[in-house]
Amino acid sequence: MLSGPDASGWRAHITIQNKVSPREARGLKAELERNFDPRPLSIGGLGLHRYLDGPWETLAGYPFRG
């Protein structure tokens with residue numbers, strides 16, 4: 001059973017920062033937006049990880065065919 005944000009549906013994203021103040025997050029966002037150059041993204045597969053209260057343990061990788 002999923003709860004909170006995990007239950008609201010899938011939305012592809014890339015996490016750049018986590019657990020920082022809103023001010024710090026806005027500052028990095030503004031800095032990154034100055035030189036952001038959108039381009040196509042290729043995804044070669046999915047990875048399964050387990051959170052270990054700090055680090056993440058890689059459990060498996062599932063490459064896409066083709």
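Where is Lys 19 found? I looked, and Lys 19 sits in the segment before H1.

**Entry 1: ground rules**

I am working with a predicted model, where local features need pLDDT of at least 70, side-chain atom pairs count only at pLDDT 80 or more, and totals for chains, interfaces and linings use all residues. Residues are numbered from 1 along each chain as its sequence is written, and side-chain values use heavy atoms, with hydrogens and water left out. My helices (H or I, at least four residues) and strands (E, at least two) are DSSP runs numbered from the N terminus.

I began with phi. Most residues other than glycine have a negative phi. Lys 19 has a positive one, near 60°. Asp 53, also not a glycine, has a positive phi of about 55°. I found Asp 53 in the loop between E1 and E2.

Are these two residues buried or exposed? I use buried for under 20% relative accessible area, exposed for over 50% and partly exposed for in between, with a 1.4 Å probe and protein chains only. Lys 19 is exposed because its relative accessible area is 74%, and Asp 53 is exposed at 72%.

**Entry 2: salt bridges**

How many salt bridges does the structure hold? I noted two, taking a salt bridge as a side-chain nitrogen of Lys or Arg within 4 Å of a carboxyl oxygen of Asp or Glu.

One joins the side chains of Lys 29 and Glu 33, at 2.6 Å from N to O. These residues are four apart in helix H1, so about one helical turn separates them. Lys 29 is partly exposed at 49%, and Glu 33 is partly exposed at 48%.

Glu 57 pairs with Arg 50, and their closest N and O atoms are 2.4 Å apart. Here Glu 57 counts as partly exposed at 28%, as does Arg 50 at 43%.

**Entry 3: a nonpolar patch**

Next I checked the surface. Leu 41, Ile 43, Leu 46, Leu 48, Leu 59, Tyr 62 and Phe 64 form a nonpolar patch with about 750 Å² of accessible area together. Strands E1 (45-51) and E2 (56-63) are the elements that give two or more residues to the patch. Patch members have over 30% relative accessible area and no salt bridge; nonpolar side chains (Val, Leu, Ile, Met, Phe, Trp, Tyr) are joined within 5 Å, and like charges within 9 Å. Areas come from the Shrake-Rupley method with a 1.4 Å probe, and for residues only the protein chains shown count as cover.

I looked up Leu 41 in particular. Leu 41 lies in the loop between helix H1 (22-34) and E1, and is exposed because its relative accessibility is 67%.

**Entry 4: pockets**

My pocket is an open set of points on a 1 Å grid over the protein atoms alone where a 1.4 Å probe fits, with protein on both sides within 12 Å along at least five of seven lines; lining residues have an atom within 4 Å of a point.

The largest pocket has a volume of about 610 Å³. Its lining has 15 residues, and Trp 10, Arg 11, Ala 12, His 13 and Ile 14 lie nearest its centre.

The second largest pocket holds about 320 Å³ of space. Which residues line the second largest pocket? Among them I listed Ile 14, Glu 33, Phe 36 and Leu 41. Glu 33 also takes part in the salt bridge with Lys 29, and Leu 41 also belongs to the nonpolar patch.

Key. Points joined across faces, edges and corners; volume = space filled by probe spheres on them.
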